Amino acid sequence: MNDSDPRATRTGRPRSTAADAAILEATRASLVDLGWSKLTMSDVANRAGVAKTTLYRRWAGKNELVVDAVAVLFDELELPDRGSLAADVQGVVLQFAALLERPEARTALMAVVAESTRDDSLRLRIRSAIVDRQKRLVLLGRERAQARGELRYEDDSSAAARNADLIFDVIAGAVVHRTLVSAEPVDSAWASGFTSLLLLGLAGAQAG
């Protein structure tokens, strides 16, 4: 494993979870205060109280560091069983919107997405570290709905994977657009209306 891998550790010295958390928190704070263009590894190291070499042992550069700082926020999203697919969807929509209301999450996500339009490698890292990891919520929600009899099981695994991708894109895209582009609130009424439309679409797709 080389030093560019964020999981890399120094031989003989276990990686410090506390140091990692401090670095990622400092990265988000630096983004809020300085923006993407002025954020530097030196500034993050100073805020986190670590040597700059500590950062480079874990991350190859700013792109990797910022994506990981965003990814850990999205890892906070959960999907407790609320008893129905509608309740599960509405709950995760409200939870996602609440996360995007946090300045560090909003600023960091907008920064990496904007920068990724000019950097293919950054776009791929966002996909693997954030998008692909959060699809777990769609898969879990679908599995529960199928067990309850709300959705039928899909025999074609390729079609099932495509449908999971589409569901994720619809939910994430709608919430991000509503909160970050339109700057409109995602409240219970909006989440309920959105969920109704999504479930109508799913019912129509399964009927077809």
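The dialogue below moves from the overall fold to domains, record annotations and helix packing.

User: What should I know about the model before reading it?

Analyst: This is a predicted model, in which local features need pLDDT of at least 70 and side-chain atom pairs count only at pLDDT 80 or more, while totals for chains, interfaces and linings use all residues. Residues are numbered from 1 along each chain as its sequence is written, and side-chain values use heavy atoms, with hydrogens and water left out.

User: How many helices and strands does the secondary structure of the chain come to?

Analyst: Helices (H or I, at least four residues) and strands (E, at least two) are DSSP runs, numbered from the N terminus. Here the chain has 9 helices and 0 strands, giving the pattern α-α-α-α-α-α-α-α-α along the sequence. The C-alpha trace spans about 55 × 40 × 30 Å along its principal axes.

User: Which domains does the assignment give?

Analyst: Domain bounds come from an automatic or database domain assignment. In this chain, domain 1 covers 17-58 and domain 2 covers 71-207. Their C-alpha centres lie 28 Å apart. Domain 1 gives 5 residues to the contact and domain 2 gives 10 residues, contact meaning heavy atoms within 4.5 Å.

User: Which features does UniProt place at residues 17-77 and at residues 40-59?

Analyst: UniProt positions are given in the numbering used here, feature names are shortened, and annotations may be inferred rather than shown by experiment. The unreviewed UniProt entry places "domain: HTH tetR-type" at residues 17-77. That stretch is 75% helix and 0% strand, with its end C-alpha atoms 20 Å apart. UniProt (unreviewed entry) also lists "DNA-binding region" for residues 40-59. Over residues 40-59 the chain is 75% helix and 0% strand, and the end C-alpha atoms are 13 Å apart.

User: At what angle do H1 and H4 pack?

Analyst: Axes are lines fitted to C-alpha atoms, for helices over the stretch in contact, and angles run from 0 to 180 degrees between N-to-C directions. Helix H1 (residues 17-34) packs with helix H4 (residues 62-74) at about 105°, their axes being 9 Å apart. H1 is therefore roughly perpendicular to H4; angles under 35 degrees count as roughly parallel, over 145 as roughly antiparallel, 65 to 115 as roughly perpendicular and the rest as oblique. From H1, Ile23, Leu24, Thr27, Arg28 and Leu31 meet Leu65, Val66, Asp68, Ala69, Val72 and Leu73 of H4. By class, this contact holds 8 nonpolar, 1 polar and 2 charged residues. Ala, Val, Leu, Ile, Met, Phe, Trp, Tyr, Cys and Pro count as nonpolar, Asp, Glu, Lys and Arg as charged, and the others, Gly among them, as polar.

User: Is the crossing of H4 and H6 left-handed or right-handed?

Analyst: A crossing is left-handed if the near helix is turned anticlockwise from the far one by less than a right angle, and right-handed if clockwise. The axes of H4 and helix H6 (residues 103-116) come within 10 Å and cross at roughly 135°, so the two helices are oblique to each other. H4 passes H6 in a left-handed crossing. Val66, Val67, Val70, Leu73 and Phe74 of H4 make the contact with Glu104, Ala105, Ala108, Leu109 and Val112 of H6. Its classes are 9 nonpolar, no polar and 1 charged residues.

User: Which residues in H5 meet H8?

Analyst: Helix H5 (residues 85-100) packs with helix H8 (residues 157-181) at about 40°, with axes 10 Å apart. This angle makes H5 oblique to H8, and H5 passes H8 in a right-handed crossing. Val93, Phe96, Ala97 and Leu100 in H5 meet Ile171, Ala172, Val175, Val176, Thr179 and Leu180 in H8. The contact has 9 nonpolar, 1 polar and no charged residues.
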